[in-house]
Amino acid sequence: MLLIHCPYCEADLPELEFRHAGEAHVARPSNLADITDEQFEAFFFIRENRKGVVFERWRHLHGCGRFFNAARHSVSDKFIRTYKAGEPKPQLSEREIAAATPIGRGTPANEPIRLTGEGDGQ
Amino acid sequence: MQKFSALSLLREALRGHKGWGRQWDAPEPRTEYDVIIVGAGGHGLATAYYLAKEHGVTNVAVLEKGWLGGGNTGRNTTIIRSNYLYDESAGIYDHAVKLWEGLSREINYNVMYSPRGVMMLAHNVHDVQVFKRHIHANRLNGVDNEWLTPEQAKEFCPPLNISRSARYPVVGAALQRRGGTARHDAVAWGYARAASDRGVHIIQNCEVTGIDRGPDGAVSGVQTTRGPIRAKKIAVVVAGHTSVLMEMAGVRMPLESYPLQALVSEPVKPCFPCVVMSNTVHAYISQSDKGELVIGAGTDQYTSYSQTGGLHILTHTLDAICEMFPMFTRMKMLRTWGGIVDVTPDRSPILAKTPVKGLYVNCGWGTGGFKATPGSGHVFAHTIARDEPHAINAGFTLERFRTGRLIDEAAAAAVAH
Ligand SMILES: Cc1cc2nc3c(=O)[nH]c(=O)nc-3n(C[C@H](O)[C@H](O)[C@H](O)COP(=O)(O)OP(=O)(O)OC[C@H]3O[C@@H](n4cnc5c(N)ncnc54)[C@H](O)[C@@H]3O)c2cc1C
Ligand SMILES: [Zn+2]
């Protein structure tokens with residue numbers, strides 16, 4: 001279970017108090033009736049779904065009830081930081097990202113078996 | 001290929017089983033193939049097999065970053081059924097069930113397909129309405145699915161608690177008798193062996209790290225951890241990693257990847273005769289031939305590539321299992337694990353051509369694609385060989401998220417399947 005920092009309550013709280021609310025910084029077009037099908041698809045259905053740093057919305061449902069955003073690493077699941085709704089997408093430093101990146105590479109299971117032991121310092 | 005039969009078993013038994021050779025080759029990659037399939041899960045291997053068998057396309061490589069069958073194919077709870085709501089879904093899932101019925105014989109490998117019946121429990125008025133709607137829709141599509149009273153459900157599955165005072169009382173059930181299970185590893189191994197026998201190269205420990213495109217935009221090959229390999233047709237069949245692979249070709253996908261977990265108990269004597277699913281309380285259970293209870297849990301709420309999920313997801317499922325089957329409350333759980341499933345907005349898969357010439361994708365099976373493995377491989381091979389979809393997968397396009405022609409099993413079931 002994740003420990004999540006609510007930027008409004010200013011506390012680290014268990015995931016059970018929160019609801020994940022999808023990719024962050026997806027702007028809803030204000031002229032929905034006028035946009036093309038292609039633009040609607042991009043807004044409504046297409047997702048980054050990155051393996052690496054993701055920006056996502058959370059809601060402190062069983063707490064203050066407010067939405068906020070988070071930067072998290074989608075392989076280690078470690079949060080880099082959370083920030084209030086409406087704040088711009090933060091510029092993350094190399095150090096912040098490195099601290100959340102798992103040692104070795106990729107997913108813990110089903111990665112190539114390294115027979116020679118070369119490479120990534122595992 | 002060494003054929004498996006009662007005779008060959010007997011012969012090997014007499015020779016101390018020293019004569020069993022390797023079941024598939026481990027060739028060095030060629031510099032070029034007609035078709036490259038990325039991902040040696042069940043769907044990728046089945047695609048390779050049917051390309052060779054049905055279309056005579058044998059200059060094919062299946063590239064796998066880890067070991068074959070090590071993705072969701074080897075991590076799933078192996079439930080097979082075809083009682084989906086929409087015509088397109090009934091088409092593809094029932095196509096698969098028909099292939100499951102003859103698969104062991106066809107590929108001369110025992111995939112242990114066991115049509116022991118899949119029973120889905122209804123716990124409230126909404127469930128009853130949804131299931132009856134499914135039953136009627138299924139009947140129109142020639143897919144078997146029948147309504148059971150709580151008493152009939154208990155007769156079919158004696159461990160079931162149908163007491164009215166249960167926390168989630170059982171008010172009925174939908175039963176698909178042709179549904180059941182199969183041995184997941186055997187499916188991957190059987191298709192690998194049969195494809196290799198027809199000349200397909202299966203190359204493990206070979207991660208695709210880039211997709212090359214020519215000046216006309218068409219694909220021209222892949223970059224891998226074992227060097228570049230050329231091909232004019234590339235098929236991406238990598239489940240949870242589809243967004244990552246398609247990004248390499250500049251295609252953005254309507255997908256999100258989530259951890260999904262399962263667990264097994266200590267092995268016990270046969271005590272559970274069928275598969276039981278409860279969408280409402282979220283628990284799936286069957287018993288493997290080794291005697292373990294195989295239990296499926298839900299997805300985590302956040303997207304992730306971690307291949308591990310939260311413990312509270314598992315305990316939530318076990319609460320439901322113990323409530324419905326009180327006789328399991330003292331069982332010990334042995335192992336838990338997770339896979340990464342690729343979920344589409346309408347919870348239906350995508351098996352299609354893409355905007356990039358020569359690039360094909362088979363993905364979006366999410367929490368429920370094992371059951372479709374043979375059918376998916378069969379029609380996807382057709383799509384690649386003919387460069388046009390088979391009638392059965394014609395609706396499972398990538399464009400449907402633009403045209404709005406969804407196959408909305410998400411709305412139909414409202415949960416994982
Ligand atoms: C816990 C769990 C329970 C499930 N239960 C059921 C069930 O009861 N019934 C059901 O029908 N379905 C179930 N599913 C879903 C089912 O497992 C999947 O839909 C199905 O197995 C997908 O098969 P696949 O061949 O597409 O993918 P996979 O078996 O995941 O194969 C994809 C392969 O691609 C490889 N790959 C990824 N990236 C690269 C790369 N860059 N280069 C080379 N190779 C790469 C991976 O290593 C992997 O081996 C379950 C899934 C999970 C996780
Ligand atoms: Zn809060």
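At what angle do helix α3 of chain B and helix α9 (residues 373-386) of chain B pack, and how many Å apart are their axes? In this predicted model, where local features need pLDDT of at least 70, side-chain atom pairs count only at pLDDT 80 or more and totals for chains, interfaces and linings use all residues, side-chain values use heavy atoms, with hydrogens and water left out. Residues are numbered from 1 along each chain as its sequence is written, while chains are lettered from A and ligands numbered from 1 in the order in which they are written.

The two helix pairs are set out below; axes are lines fitted to C-alpha atoms, for helices over the stretch in contact, and angles run from 0 to 180 degrees between N-to-C directions.

| Helix pair | Angle | Axes apart |
|---|---|---|
| α3(B) and α9(B) | about 105° | 6 Å |
| α2(B) and α3(B) | about 75° | 15 Å |

α3(B) and α9(B) are therefore roughly perpendicular to each other, a term for angles of 65 to 115 degrees. Their contact (heavy atoms within 4.5 Å) involves residues including B:Trp100 of α3(B) and B:His378 of α9(B), and its residues divide into seven nonpolar, four polar and no charged.

Helix α2 (residues 42-55) of chain B packs with helix α3 (residues 87-106) of chain B at about 75°, which makes α2(B) roughly perpendicular to α3(B). B:Tyr49, B:Tyr50 and B:Lys53 of α2(B) meet B:Leu99, B:Leu103 and B:Glu106 of α3(B) in this contact.

Chain A has two helices and six strands, counted as DSSP runs (helices H or I, at least four residues; strands E, at least two), and from the N terminus on its elements run β-β-β-α-β-β-β-α.

Key: Angles under 35 degrees count as roughly parallel, over 145 as roughly antiparallel, 65 to 115 as roughly perpendicular and the rest as oblique. Ala, Val, Leu, Ile, Met, Phe, Trp, Tyr, Cys and Pro count as nonpolar, Asp, Glu, Lys and Arg as charged, and the others, Gly among them, as polar.
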